[in-house]
Amino acid sequence: MSIVHRPIAYEEFPEWRVLVRRAFNDHIHPDDIARLRDERAEIDRLIGVFDDKKLVGTGGADSHVMTVPGGAELPTAGVAYMSTAATHRRRGVLTGTMAKVLEQAREREEPLAALWASESAIYGRFGFGQATIAENWEIDPSKSTFAHMPQVPGRVRFVEHDEALKLMPGVWERASKLRAGFLDRSERRWKYFFFDEERVRGDWSGMFHVVYEDAGEPQGYATYRLKQDDPELDDVQAMQVIECVSYTDEAHAALWRLLFDVDLVVNVEAEGQPPDDPIWWMLADPRKLQRTPADGIWVRVIDPVKALSGRTYGTEDRLVIEVADEFWPDSAGVFELEGGPDGAVCKSSTATPDISVSASELGATYLGGVRLQELARAGRVAEHTDGAVTRFDWMFVAERAPWCGHHF
Ligand SMILES: CC(C)(COP(=O)(O)OP(=O)(O)OC[C@H]1O[C@@H](n2cnc3c(N)ncnc32)[C@H](O)[C@@H]1OP(=O)(O)O)[C@@H](O)C(=O)NCCC(=O)NCCS
């Protein structure tokens, strides 16, 4: 078997796309092959794996910027499309693809990579760490009385799909400044992710969109679908919230109030919500909101100097951090980090480390949502200077829980 990993040619894209979907046990409509090519993928970032010229593996990345603590946006490889044909699994195909994808990211000077993992056992070995939490929510809206609510001066109105797609990017852009973990979404990707034909939505209705405006300024939007919940009862429906994004607390409260107030709905589900969302604190009977946490995005630091210099920190301090990186030794080393709320400087160092971690722990803690202390208690961190883990946590903590609402 001679396995070759290389970028695919334009004309190889349809076969490549079929293979990705087949690895996820799915077929693909021919129009959706063109849609991914035209509205989302970057062909020059896609890798194919060939066994004697036959395509047996896929991978690649979408180019993004990610908000990091402090509000800067750092170039980030949004790793996706990773698959190996069932005929070739567990022979190192994915491992080779990941090496290519990271190599490409480094050539593009992206200090970070991020991904959504189909299974949580796969990516730690490649230096990725679970960096955000995504909560799946479910509630019977008849139990969703609000006991607390900010003053809401604006209004919510329904908008049609085209108008929604014009208003949403501006809201997303403003909201992305408030939380680390947000990824940008280009115009073509907005179109891709809000594609709403019957073949992609199954039993669910077309999308409904609402926008919250105050003095004519859109401050938030929500998109949802409905589905008949009980075939015997025409009017009883389930709601799936696709996105609810806002940059003011008033918009956030007004939009969720509306989502919980749509008549004839018996169940509202919303996947991937932030773990520090204020809705829990607004409900009269919070436990009625069932919250199931899951891993959100996994982050990998490709260039520790750039990544650690690129964010701000909760307290002024100086730490020397040793990073081991078995999979990608180029990112390993000892790094001296001196930083605080106004910025940071990180450089390679020969000083004695205060802490030793591997790339996966650095990725998990980088956005400030996971405490190093938890990882230390799990036996994943070596503390060489007393108190260094606690000082790390005071430095790395983010103002709001990091969160990524963009599923790629
Ligand atoms: C996940 C997938 C891409 C792995 O591909 P692969 O070519 O078999 O992976 P590799 O042979 O390079 O495996 C590398 C290591 O990861 C482990 N591994 C791979 N997939 C794993 C899984 N699903 N669960 C646990 N371990 C896994 C392998 O055992 C191997 O470990 P080792 O180095 O200790 O032997 C492949 O199984 C697949 O296509 N799955 C369906 C699609 C999917 O889930 N893609 C990931 C999208 S996020």
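Student: What makes strand 9 and strand 10 a hairpin, and which residue in the turn has a positive phi?

Tutor: There are 2 residues between the two strands, and A215 in the turn has a positive phi of about 50 degrees. A strand here is a DSSP run of E with at least two residues, a helix is a run of H or I with at least four, and both are numbered from the N terminus. Keep in mind that this is a predicted model: local features need pLDDT of at least 70, side-chain atom pairs count only at pLDDT 80 or more, and totals for chains, interfaces and linings use all residues. Residues are numbered from 1 along each chain as its sequence is written, and side-chain values use heavy atoms, without hydrogens or water.

Student: How do you know that strand 9 and strand 10 pair?

Tutor: Pairing calls for at least two bridges found by DSSP. Strand 9 and strand 10 (residues 217-230) have 7, in the antiparallel sense, so they pass.

Student: Which strand does strand 8 (residues 155-159) join, and in what sense?

Tutor: Strand 8 is linked to strand 9 by 5 bridges, and the two run antiparallel. V156, for instance, has Y212 of strand 9 as its bridge partner.

Student: Why is strand 9 called largely enclosed?

Tutor: Buried means under 20% relative accessible area, exposed means over 50%, and partly exposed is in between (1.4 Å probe, protein chains only). In strand 9 (residues 208-214), 5 of the 7 residues are buried, so the rest of the structure largely encloses the strand.

Student: Why is T97 called buried, and what is R37 called?

Tutor: T97 has 0% relative accessibility, so it counts as buried. R37 has 23%, so it counts as partly exposed. T97 belongs to helix 3 (residues 93-107), while R37 belongs to helix 2 (residues 30-39).

Student: Which residues is T97 in contact with, leaving aside its neighbours within four places in sequence?

Tutor: Contact means heavy atoms within 4.5 Å. By that test T97 touches H5, I47, V49, T58, G59 and M82. Under the same exclusion, R37 has Y10, F13, I43 and R188. F13 is 24 residues from R37 in sequence, but their C-alpha atoms are 7.8 Å apart.

Student: What makes strand 1 and strand 6 edge strands?

Tutor: Picture the open sheet of 7 strands, ordered 1-2-3-4-5-14-6 with mixed pairing. Strand 1 (3-7) and strand 6 (129-130) each pair on one side only. Inside that order, strand 3 (residues 54-67) and strand 4 (residues 73-84) share 10 bridges in the antiparallel sense, including H64 with T76.
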